[in-house]
Amino acid sequence: MEYSVLERKTAIQAAEEDMRIPVCYQELGVNVLKNNIKIKHIELSAVRVVGTEAFYNCTALRYAELPRVGMIRKNAFGNCSNLREIKLPKTLRELGKGVFSGCKRLECALFDPLGSCRVLPAMTFANCRALKDVTLPEMLWTIGEQAFYKCESLESIEFPKRLHRIEDQAFYQCGFKAIHFPEHLEYIGESAFLKCKKLEYVFIPPSVQKIGKWAFHGCNNLKVLEIRHDPREIGEWLTNKNCIIRCPRGSKMESYAARYGVQVEYTGND
């Protein structure tokens with residue numbers, strides 16, 4: 001069977017509340033259904049590539065079926081303000097920037113754990129304020145800048161074991177109460193957890209070698225930041241002054257805490 005690209009003119013003519021893309025289309029073009037206010041459900045049974053801003057601002061869209069998709073490009077579902085749940089299949093290997101940004105009623109985003117997506121790009125779920133249930137693929141290596149920016153309802157997340165990098169402002173103003181990072185994590189970016197106001201406890205594993213400035217600043221309820229090793233690079237003002245840094249006696253972290261007027265609690269038998 002020969003596959004082709006579904007372009008905007010053809011798609012608009014066929015648009016309806018419950019819409020199924022014919023199997024002859026393997027790719028959706030740029031802006032293919034952008035700003036459509038009719039579609040409530042879309043089934044992409046054979047589609048492999050969803051184009052840039054394909055469903056941007058489709059404010060009535062509540063559910064999308066993507067059983068075979070391999071690539072979703074920039075802002076494809078941005079500002080779909082009634083989208084409630086998204087399931088991303090094992091075939092998914094690449095996402096563009098801001099794919100689901102501004103989906104303010106999105107509550108559930110489930111990646112197939114066995115999927116091959118290695119990077120969650122910048123602003124993937126930015127301003128998804130209702131998001132509370134997330135499953136990430138086991139192969140994920142990087143969580144990009146502002147990926148979960150202002151996801152205020154997100155109170156917990158299971159980080160993939162292979163995760164190495166959390167970029168700047170990735171979880172700015174999220175709803176976490178406690179954080180345990182995976183043992184292979186190496187980098188926590190600037191302001192990565194800034195203003196997570198419910199956060200009370202953080203444990204940083206010895207694999208982390210760089211922590212950017214203000215990583216946990218503005219977390220007014222953070223009681224303990226536990227770090228039992230000395231990273232190679234530590235940015236300024238990791239936490240507020242009312243936080244306790246739990247670290248070994250005589251460590252670089254002890255000196256760091258003294259420099260910023262932060263109280264110290266010693267680990268182990270210290």
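This is a predicted model: local features need pLDDT of at least 70, side-chain atom pairs count only at pLDDT 80 or more; totals for chains, interfaces and linings use all residues.

Is Asn75 buried or exposed? Its relative accessible area is 15%, and the cut-off for buried is under 20%, so Asn75 counts as buried. You'll find Asn75 in the loop between strand E7 (71-72) and E8. Now show what surrounds it: setting aside neighbours within four places in sequence, Asn75 is in contact with Glu53, Tyr56, Lys97, Gly98, Val99 and Ser101.

Next, select Phe193. Not counting residues up to four places away in sequence, Phe193 touches a whole list of residues, including Phe159, Ile166, Phe171, Phe176 and Phe216. Phe193 also belongs to the largest nonpolar core, which has 85 residues. Colour Phe55, Phe77, Phe148, Phe171, Phe193 and Phe216 together: these are the ones with the most contacts inside that core. Which element gives the most to this core? That's H2, with three residues.

Last stop: His41, in strand E4 (residues 41-43). His41 is buried too, with a relative accessible area of 19%. Show its side chain and look for two polar contacts: one of 2.7 Å to the side chain of Asp18, and one of 2.8 Å to the side chain of Glu65. Leaving out residues up to four places away in sequence, His41 also touches others, among them Glu17, Met19, Leu61 and Tyr63.

Key. Residues are numbered from 1 along each chain as its sequence is written. Side-chain values use heavy atoms; hydrogens and water are left out. Helices (H or I, at least four residues) and strands (E, at least two) are DSSP runs, numbered from the N terminus. Buried means under 20% relative accessible area, exposed over 50%, partly exposed in between (1.4 Å probe, protein chains only). A polar contact is a pair of N or O atoms within 3.5 Å; within protein, one must be able to donate a hydrogen and the other to accept it, and residues adjacent in sequence count only if both atoms are side-chain atoms. Contact means heavy atoms within 4.5 Å. A nonpolar core is a set of buried Ala, Val, Leu, Ile, Met, Phe, Trp, Tyr and Cys residues joined through side-chain atoms within 4.5 Å.
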